[in-house]
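Have the structure open while you read.

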Amino acid sequence: MAGTILEIKNLHASVGGKEILRGVDLVVGAGQVHAIMGPNGSGKSTLAHVLAGRPGYDVTAGSVLYQGKDLLAMKPEERAREGVFLAFQYPVEIPGVSNVYFLKNAVNAIRKHRGLPELDAMDFLKLSKEKARLVEIGEDLLKRPVNEGFSGGEKKRNEIYQMAVLEPTLAILDETDSGLDIDALRIVASGVNALRAPERSMIVVTHYQRLLNYIVPDYLHVLVDGRIALSGGKELALTLEEKGYTWLEKEPPAPRVEAAAR
Amino acid sequence: MEAQTLAVETAFAPGFAAIETAAASPRWLTALRESGRERFEALGFPTTKTEAWRFTSVRPITEVAWTRAAREALRRPDPAPRGVRIRRLSEALADAEPHLARIASFEDNAFTALNTALFEDGLLVEIGRGAVVAEPIELVFDAASAAHPEVSYPRLLVVAGEGSQATVVETWTGRGGRPHLNCAVTEISVGDGAVLTHVKVQREDESAFHVHAIAARQGRASRFTSHNISLGAALARTDLDVALAGEGAECEANGLFVAGGSQHCDNHTTIDHARPHGVSRELYKGILDGKARGVFHGTVLVRPGAQKTDAIQTNKNLLLSREALVDSTPALRIEADDVKCKHGSTTGQLDPLALFYLRSRGLGEDEARALLVRAFASELVSRIPVAAARDAVEAALSARLPGLSEAP
């Protein structure tokens, strides 16, 4: 398919010997925003981490093509350099490493991979300041060690700030809304919306429909028990909100829109 | 036992014989050296049955036929900074006598006893009463290459006068690839109300042996800060003994030891709270790679009557390989009842999730590992108040951790 960024076929994955993903199929086109919802333990976060290449998340069957390349054959850092970005549900605290130092090295690792000249401290500072405004992240936060002592909201804003600086082709947001109050959610969502672009695709993983009021997806998929049980447009979110996930377990799943499209 | 006695006799007897012929020495000094020799002969070299040496075998030291280094490899600032007087011990015996061997006990430590018997013409560093010395006093112990394995007995006495403020830096280097043994003692008297910072950076050649006792005694309301950085030597052992002998004394003990290959690094610390209202903060971190072995043994002692003592002791170790090993024994011995003391020890590997987080942003695996290791060390490196010493430690860490161009 022309303009396809990501093509997941029959993806099975296990964590610690336990099968979590049991045959996920998903196609994401350029510039599209896909939301993935599902109950606890359905495999949403596992899917996000498998796509980013987390060690210990073993793919047992299936394939993932990213821009026509075998994503699963790439190391995590290669995926990042090729433009895959995961916003963590629980961003990791790294004492002793300042946010700016870390991100400048990340930017330059990616630029080097793409044959671009590395940014010097001044250039990076300029870029960093511009992107920090997007999520209203203060300069003091950028100088502090990565995520150390950040509030929940600051951590999530920091993830979106990193995404803004790294300018990914495929951004995967793993429960970026969880634990946020409404003001923080608005800031994060507006940051994400500002980064929507025809050349950038997004997979937004969320437990709650609330986020989708702010980040309106093009497609919505419901993951149940390691498979996509239902796909549809954004209006599906409202049905889910009304009926809850248990509704899916009682009624036979509707045809998969994305699978049918292929 | 046989072999040990033999080594003692062959290696150290000529030195002992020289004590008696050193006619120029005053009687008290000859007597002191004699008691050092007697104590050493009574103790013998420690074995792994000796409690304080349980994890460190000194056989690699006792098996070598050492000859005494011909020259003392000690450099000092000349002229001394304003407010500081630096003299050879032999030129300053009258001023050294009230302190010499009275701070570093050789009762239970064979190496300190050996140094006391045989120490070279070391240095007396005096910081004048009330002197505020901004410039660090930098001493370099540089063991040069020799044809035979050589042993040195450096001795340093620092006397910080009442209300003075100064920083002493000891850098231990050694090159040449031939075994060298430094059996060293540093004694520090911190006068009432004095603020003294002591920095030790040990980056000797990996064929070297390094045994060093640092002993400090603190007066009333004084402040002593120790930075003990151990990077080099095949076998390195540092004993830090701090006595908070005056009321309201404060002590900060920072330690970083980095060992790889088959290096062995042992740190023994004792913080002795003898008087009320003392404060001590101790943080030692170890980074072990390859087949290296590290030891941290720390005791915080609170004597009866040292009420209102506030002491925290922490040891954190990072193991970078499956074969690296660390033995951590933090201990509190509290004999007073109105005190605030805590201690803790953790040993672990690099956090796999942190590694993944860094890699997911595009950093290579080596670079991510180096970054996390440097970050672990940086808490202690950043505390070193002397730029040159800090830079030397940074450079040594960079050399060991490829993948990083600058400090995080």
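A crossing is called right-handed if the near helix is turned clockwise from the far one by less than a right angle, and left-handed if anticlockwise. Keep in mind that this is a predicted model.

With that in hand, look at chain A, where H4(A) passes H6(A) in a right-handed crossing. Helix H4 covers residues 121-134, and its axis and that of H6(A) come within 9 Å, crossing at roughly 135°. Since angles over 145 degrees would be needed for roughly antiparallel, H4(A) is oblique to H6(A). Who touches whom? On the H4(A) side you'll find A:Leu127, A:Ser128, A:Lys131, A:Ala132 and A:Leu134, and they meet A:Tyr161, A:Ala164 and A:Val165 of H6(A). Sorted by class, this contact has six nonpolar residues, one polar and one charged.

Now for the backbone. Most residues other than glycine have a negative phi, and most peptide bonds are trans.

| Residue | Phi | C-beta atoms within 10 Å |
|---|---|---|
| A:Glu167 | near 45° | 17 other C-beta atoms |
| B:Ala221 | near 50° | 16 C-beta neighbours |

A:Glu167 sits in the loop between helix H6 (152-166) and strand E9 (170-174) of chain A. B:Ala221 is in the loop between strands E11 (209-218) and E12 (223-230) of chain B. Buried or exposed? A residue needs 20 or more such neighbours to be buried and 12 or fewer to be exposed, so A:Glu167, with 17, is partly exposed, and B:Ala221, with 16, is partly exposed too.

Chain B also has a cis peptide bond, joining B:Asp78 and B:Pro79 with omega about 5°. B:Pro79 lies in the loop between strand E2 (74-75) and strand E3 (84-88).

Terms used. Residues are numbered from 1 along each chain as its sequence is written. Chains are lettered from A and ligands numbered from 1 in the order in which they are written. This is a predicted model: local features need pLDDT of at least 70, side-chain atom pairs count only at pLDDT 80 or more; totals for chains, interfaces and linings use all residues. Helices (H or I, at least four residues) and strands (E, at least two) are DSSP runs, numbered from the N terminus. Axes are lines fitted to C-alpha atoms, for helices over the stretch in contact, and angles run from 0 to 180 degrees between N-to-C directions. Angles under 35 degrees count as roughly parallel, over 145 as roughly antiparallel, 65 to 115 as roughly perpendicular and the rest as oblique. Two residues are in contact if their C-beta atoms, placed from the backbone, lie within 7 Å. Ala, Val, Leu, Ile, Met, Phe, Trp, Tyr, Cys and Pro count as nonpolar, Asp, Glu, Lys and Arg as charged, and the others, Gly among them, as polar.
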